[in-house]
Amino acid sequence: MSLRDVAYSLYERRLAARLHTDVQRGKKKVPRHIGVIMDGNRRWAKQMGEQIATGHQRGADKIHEVLNWAEEAGVETVTLWLFSTDNFNRPAEELGDLLRIIEGSVRSLADTGRWRVHPLGALDLMPADFARHLKEIEEQTRDNPGIHVNVAIGYGGRREIADAVRSLLADAAARGTSLEDLVQVLDVEHITEHLYTHGQPDPDLIIRTSGEQRLSGFMLWQSAHSEFYFCEAYWPAFRKVDFLRALRDYANRHRRYGA
C-alpha cells in the first residue's frame, strides 16, 4: 500500500466517524434516497488502455461497493442509472456487451439475498428475454430485508413523464372520466402517482461521476428539490471517500424548499 493509499484510508475513517457522530447527535441528516448517474466507464477504459467492455464491467463491479456504503450510512433507497434511452444509439457490439454486463450485474444483486431490486424504465424497448429476466429478479427480491435498489434501465426522464401521462389518461378512460372532467381536477400528485417511482420518496441527493455537471434527463420530475453532487472521478474509480464527501456536502446544506 502506497503512502497516498494510507493517507486516503485515514481520511476516509475520520470522515466516516465524523459523519456518524453528527448523525447520532442529530446535527446532520442522511439522505433517505440517493440517485446515482454512473458516468465515465468508457473514458476510464480509454484512460487505462482497456477495452470499452472492460470499463463497463468495472463499472458494474463498483455497484456492490456503493450499495454497501449506502447501507452503512443508513440510506433507504438508491436509484442507479445503468442504461439510458440514448444508449440505444451506441454501436451494436458495445450495446450487446453492455446489456449482457447489466443483466449479470442485476442478477448478482439478487443473488446476495440482501436488497430489493426494482427495475424502472421503458422495459418494452428492451429485448423480450432481458425484460422478462428483470421482472423475475424483481419478484425474487421483493421480500429481501435490505435497501430498495432501483435499477434504471431503458430510462429517460422525458420518456418517464410521457409514460406517466399516458398511464394517467388510460386510467381515466377506464373509469369513464371524460377529458374535460380530467382537465378540471388534474394536479401534480396525479402525475406523480403514475411515475416509475410511484410510492417512493423523491431523491434527496443525486450524485454524478466523471465531472459532467448536468442531469442528462435523469429523474427530471423527482429531482425538483434534490441536492446535486458532481464528482470528478470516473465511475469505475469512484471511492468510498468520494461517497462520504457527497454525504458530508449534503449534510452541510440547508434545504429551504423555497421558504
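Which residues does Asn 144 touch, not counting residues up to four places away in sequence? In this predicted model, local features need pLDDT of at least 70 and side-chain atom pairs count only at pLDDT 80 or more, while totals for chains, interfaces and linings use all residues. Residues are numbered from 1 along each chain as its sequence is written, and side-chain values use heavy atoms, with hydrogens and water left out.

With contact defined as heavy atoms within 4.5 Å, Asn 144 touches Gly 113, Arg 114, Trp 115 and Arg 116, residues up to four places away in sequence not being counted. Asn 144 is located in the loop that runs between helix H5 (128-141) and strand E4 (148-155); helices (H or I, at least four residues) and strands (E, at least two) are DSSP runs, numbered from the N terminus. The side chain of Asn 144 reaches the backbone oxygen of Trp 115 at 2.9 Å. Asn 144 counts as buried because its relative accessibility is 15%, where buried means under 20% relative accessible area, exposed over 50%, and partly exposed in between (1.4 Å probe, protein chains only).

Thr 77 belongs to strand E2 (residues 77-84) and, at 6% relative accessibility, is likewise buried. Its contacts, again not counting residues up to four places away in sequence, are Arg 32, His 33, Ile 34, His 148, Asn 150 and Gln 200.

Most residues other than glycine have a negative phi. In the loop between strand E5 (205-208) and strand E6 (227-230), Ser 216 has a positive phi near 55°. Met 219, found in the loop between E5 and E6, has a positive phi of about 50°. Ser 216 is partly exposed at 37% relative accessibility, whereas Met 219 is buried at 1%.

How values were computed:
Polar contact = N/O pair within 3.5 Å; in protein donor to acceptor, adjacent residues only side chain to side chain.
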